[in-house]
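Here is a short report on selected local features of one protein chain. The sequence and structure come first.

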Amino acid sequence: MIRPAELIERKRDGGELAPEEIAELVLGYARDEVPDYQLAAFLMAVYFRGLTSAETFALTGAMIRSGDTIDLGAELGRKVVDKHSTGGVGDKTSLAVGPVVAACGVPFGKMSGRGLGHTGGTLDKLESIPGFQVELPHERFVAQVRELGLAIIGQTADLVPADKRLYALRDVTATVENVSLIAASIMSKKLAAGADAIVLDVKVGDGAFMKTLGEARRLAETMGELGRHAGREVVCLLSDMDQPLGRAVGNALEVREAVATLRGEGPADFEQLVVTASAHLLALSDLGLDLDEGTRRVRAAIGDGSALALYERWIAAQGGDPSEDALPRAPVVREVVAEQEGYVSRLGAIAVGGSALRLGAGRRTKDDSIDHSVGVVCRLKRGDAVGRGAVLAEIHARDDASAQDAARGVLAAYEIGDEPPRARPLILDTIV
Ligand code: URA
């Protein structure tokens, strides 16, 4: 039997743990045999000392073994692809990528999570659609992916239960932001859910876990290694999260923007990410095509209405009302007006996400309830010209007081300069 204190001490002093030691510690914690305070001390040692590749593989493997695994590919008799984002502000990509990819003939069965803090979660966005069911029995999930090509549901309690406990502990012990811990957390869930090929969208910047391109590259490389070690193909996109993605931040507002994008009327940056991620998924799929052909088919599915039609069938299949009129609307809409002319030189993602959170669009603790109707629409983004009295953003709020508070926060998120800022591409790098 391991002695947790010895392992903590060794990691604290910069030593390396054997794979069996890591597995015993993590599985012991998942079984309630190792107390929170010892795991918390271990996590802090890892935060400062890091994990080697071998230790990260061992941690990921142990987390997967803590619960059930799914082999969706075997159940469907097809190669299965999946996508995951490390989380950002206004990131509604899966809502559009799922229908696009399925409309192109590639099955997309995804398990998603909820948001915490200033980053939103796909499940919360989907739950703004009246009637939409995020919990489906396994057989129905598989049948829907087989028949329709698309289902997005919540992670079941027995998929990587060790990560649920560890993540909750990391969240309250300031140990989330470590590359190995993030990589093991994300990849254990992707690998346990059975995807053969995975497109990872690693967000970089102010509103992301990874603030610099260097850190994001390290995370992408670590996740790629974990995937390949498990025999899966991985493509990592590093994408900008210095400003919100698209214009809408807030659940129902983001669903509207995803639907507009499926109609070919989305904001340029969001559309670019949807097209790029979808094209990579097609290129990784069993359709046997390259990225250029994938891009052509993705654009065709948006252009001919098949992606939008698939969205509507998908939402209805999970009990939701796909019409845009059914989405909740906030009673108060207030404009944020520019106080000076020039160009938007910066639009802080975290400040906009924080304002949306205070409006009620997100949760500070996992038990908070959220208001699906509220949020922020950034009408102007980095590089846009700002005329006298221009409307920078709209606040969608439940009352005047919260609208006023958010308007102050959003105004402060905008920096206006005399010159247009240097262009920063949305997709900063692609790591294959
Ligand atoms: N998302 C996860 O699932 N886990 C992390 O550790 C960070 C982001």
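Glu127 sits in the loop between helix H7 (122-126) and helix H8 (138-147). The model is a predicted one.

Leaving aside residues up to four places away in sequence, Glu127 touches Arg114, Val134 and His372. Asn251 is 124 residues from Glu127 in sequence. In space, the C-alpha atoms of Glu127 and Asn251 are 8.2 Å apart.

## Ser112 in strand E2

Ser112 belongs to strand E2 (residues 108-112). Its relative accessibility is 5%, so Ser112 counts as buried. The cut-off for buried is under 20%.

Which residues does Ser112 touch, not counting those up to four places away in sequence? They are Thr122, Leu123, Ile152, Ile153, Gly154 and Gln155.

## Helix H13 against helix H14

Two packed helices are described by the angle between their axes and the distance between the axes. For helix H13 (residues 268-284) and helix H14 (residues 291-303), the axes come within 8 Å. They cross at roughly 125 degrees. That angle makes H13 oblique to H14. The crossing of H13 and H14 is right-handed.

On the H13 side, the contact involves Glu271, Val275, Ser278, Ala279, His280, Leu282 and Ala283. These meet Leu291, Gly294, Thr295, Arg297, Val298, Arg299 and Ile302 in H14. By class, the residues of this contact divide into seven nonpolar, four polar and three charged.

## Salt bridges across the sequence

Side chains of opposite charge can pair when their charged atoms come close. The count of salt bridges comes to 32.

One of them joins Lys381 to Asp269, with the closest N and O atoms 2.6 Å apart. Lys381 lies in the loop between strand E9 (375-378) and strand E10 (385-386), and Asp269 in helix H13, so the pair ties together parts that are 112 residues apart in sequence. Are these two residues buried or exposed? Lys381 counts as buried, at 8% relative accessibility. Asp269 is buried too, with a relative accessible area of 18%.

## Two further pairs and a network

Arg263 and Glu324 also form a salt bridge through their side chains, at 2.2 Å from N to O. Arg263 is in the loop between helix H12 (251-262) and H13, while Glu324 is in the loop between helix H15 (306-317) and strand E7 (332-337), so this pair ties together parts 61 residues apart in sequence. Both residues are partly exposed. The relative accessibility is 34% for Arg263 and 27% for Glu324.

Asp13 pairs with Arg12. Their closest N and O atoms are 2.9 Å apart. Asp13 is partly exposed, with a relative accessible area of 48%. Arg12 is partly exposed as well, with a value of 49%. Elsewhere, salt bridges link Asp240, Asp242, Arg382 and Arg424 in a network.

Conventions
Residues numbered from 1 in each chain as written. Predicted model: local features only at pLDDT ≥ 70, side-chain atom pairs only at ≥ 80, totals over all residues. Heavy atoms only, no water. Axes fitted to C-alpha atoms, helices over the stretch in contact; angles between N-to-C directions. Helix = DSSP H or I, 4+ residues; strand = E, 2+ residues; numbered from the N terminus. Parallel < 35°, antiparallel > 145°, perpendicular 65-115°, else oblique. Left-handed = near helix turned anticlockwise from the far one by under 90°. Contact = heavy atoms within 4.5 Å. Nonpolar A, V, L, I, M, F, W, Y, C, P; charged D, E, K, R; others polar. Salt bridge = Lys/Arg side-chain N within 4 Å of Asp/Glu carboxyl O. Buried < 20%, exposed > 50% of the residue type's maximum accessible area, 1.4 Å probe, protein only.
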